[in-house]
Amino acid sequence: MRLRNKPWAKDKIAENPQYVVPNPAEYKGNWKEVFGNENPLHIEVGTGKGQFLVGMAKQNPHINYIGIEMYESVILSALERLIEEELPNLKLLNVDANHLSEFFAKNDVDRVYLNFSDPWPKKRHAKRRLTYKTFLSMYENLLVDGGEIHFKTDNQGLFEYSLTSFSEYGLLLKYISLDLHKSDFEGNVMTEYEEKFSQKGSRIYRCEVKYLNEKD
Ligand code: SAM
C-alpha cells in the first residue's frame with residue numbers, strides 16, 4: 001500500500017473515539033460493553049481503507065466488527081467512510097496486529113478475517129506473514145473454541161504457504177476456492193485490493209479454516 005503523509009490524520013482519529021477506540025487494552029475481555037450488545041465479534045486484521053468491513057457491517061447488522069490497521073494515514077480513510085455511514089456495529093483500532101493479545105482475551109472474538117495480507121515473499125520475512133504460526137497461535141488465544149479464519153488473497157504463493165501453515169498448525173480446512181469470482185460462493189463483499197486486482201484479471205483465492213475444539 002502506498003502511504004501518503006497525512007499530518008491531520010492523528011487529530012481526526014483523536015476527535016472520533018466513538019469510531020477509533022482509544023486505549024483498546026482497557027476493553028480486553030469486555031468488548032460487549034463497547035458495542036452495548038451480546039452479538040458475535042468478527043475482526044479484520046490489516047483492514048486498510050475499510051471497504052470490506054463497511055460492506056460487511058451493513059450486510060450483517062447483528063454482527064459486531066472491528067478493523068485493525070496500523071497506519072494512521074490509511075485508517076483515516078476507513079474512519080471517513082464510517083463517519084459517513086454511521087454504523088453502530090463497526091469500530092476501528094489503530095494498532096499493530098503483533099500486539100493483539102494486549103487488546104483481546106480468549107473468547108472475545110468469533111472470527112478473524114485476513115484480506116490481501118502483505119505477502120512478504122522473501123523467505124527470511126516469513127515470520128511477518130499474518131498466517132505464520134505465531135500469528136495463528138495469537139488468533140487462537142483470542143478466538144472462541146471452534147473459531148474461524150476467513151482468508152482471501154490474489155497471491156498464489158501466499159495462499160499456498162498459508163494453506164500449509166494452517167494445516168501444520170492443525171486447523172481444519174472447511175472451504176477452499178481457487179477462483180472465488182467464478183465460484184458459487186454467495187454474499188462476497190469485495191475489498192479495495194480485491195476490486196483492483198480482479199479488474200486487472202487476477203484470480204482471487206479464498207479459504208475458511210477452523211480451530212478444532214475437544215469435541216471435534
Ligand atoms: N485488507 C485490505 C484490502 O484487502 O483491501 C488492505 C490490504 S493491504 C495489502 C494490507 C493492509 O494491512 C495495509 O493497510 C497494512 O497497513 C495493514 N497491515 C499490515 N501489517 C499489519 C499489522 N501488523 N498490523 C496492522 N495492520 C497491518
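This is a predicted model: local features need pLDDT of at least 70, side-chain atom pairs count only at pLDDT 80 or more; totals for chains, interfaces and linings use all residues.
Phe 116 is found in the loop between β4 and α5 (133-140), where helices (H or I, at least four residues) and strands (E, at least two) are DSSP runs numbered from the N terminus. Phi of Phe 116 is near 55 degrees, a positive value in a residue other than glycine. At 9% relative accessibility Phe 116 counts as buried, a word that here stands for under 20% relative accessible area, with exposed meaning over 50% and partly exposed the range in between (1.4 Å probe, protein chains only).

Residues are numbered from 1 along each chain as its sequence is written, and side-chain values use heavy atoms, with hydrogens and water left out.

Seven strands form an open sheet with mixed pairing, in the order β3-β2-β1-β4-β5-β7-β6, where two strands are said to pair if DSSP finds at least two bridges between them. Because β3 (90-93) and β6 (172-177) stand at the edges with a single partner strand each, one side of each is left without a neighbour in the sheet. Neighbouring strands of this sheet are turned by 20 degrees against each other on average, direction ignored; axes are lines fitted to C-alpha atoms, for helices over the stretch in contact, and angles run from 0 to 180 degrees between N-to-C directions. Strands of a sheet pair through backbone hydrogen bonds, either parallel or antiparallel.

Within this order, β4 can be followed on both of its sides. Strand β1 (residues 41-45) and strand β4 (residues 109-115) run parallel and are joined by four bridges, with Val 45 standing opposite Leu 114 in β4. The pairing of β4 with β5 is also in the parallel sense, over six bridges, and there Asn 115 stands opposite Lys 152 in β5. Five of the seven residues of β4 are buried, so that the strand is mostly covered.

Helix α3 (residues 51-59) lies across β1, β2 (64-68), β3, β4 and β5 (143-153), and runs at about 175 degrees to β2. In helix α7 (residues 192-199), Glu 192, Glu 194 and Phe 197 are buried, and the buried residues of α7 pack against α3, α4 (72-85) and β5, contact being taken as heavy atoms within 4.5 Å. After α7 comes Gly 201, whose phi is positive, near 95 degrees.

The ligand is surrounded by 19 residues, of which the closest are Gly 46, Glu 69, Ala 97, Asn 115 and Thr 191, a residue being near a molecule or strand if one of its heavy atoms lies within 4 Å of it. A nitrogen atom of the ligand is 2.9 Å from a polar backbone atom of Gly 46, a nitrogen atom of the ligand is 2.8 Å from a polar backbone atom of Ala 97, and an oxygen atom of the ligand lies 3.0 Å from a backbone N or O atom of Tyr 193. Taken alone the ligand exposes 600 Å², and the protein buries 95% of that; the accessible areas come from the Shrake-Rupley method with a 1.4 Å probe, and for residues only the protein chains shown count as cover.

Tyr 211 is found in the segment after β7 (205-210) and is buried, with a relative accessible area of 5%. Its side chain reaches the backbone oxygen of Leu 136 at 2.7 Å, and, not counting residues up to four places away in sequence, Tyr 211 touches residues including Tyr 139, Leu 143, Ile 149 and Asp 216.

Ser 165, in helix α6 (residues 156-169), counts as buried at 8% relative accessibility. The side chain of Ser 165 reaches the backbone oxygen of Thr 131 at 2.6 Å, and, leaving aside neighbours within four places in sequence, Ser 165 is in contact with Thr 131, Tyr 132, Lys 133 and Leu 136.

Note on methods: A polar contact is a pair of N or O atoms within 3.5 Å; within protein, one must be able to donate a hydrogen and the other to accept it, and residues adjacent in sequence count only if both atoms are side-chain atoms.
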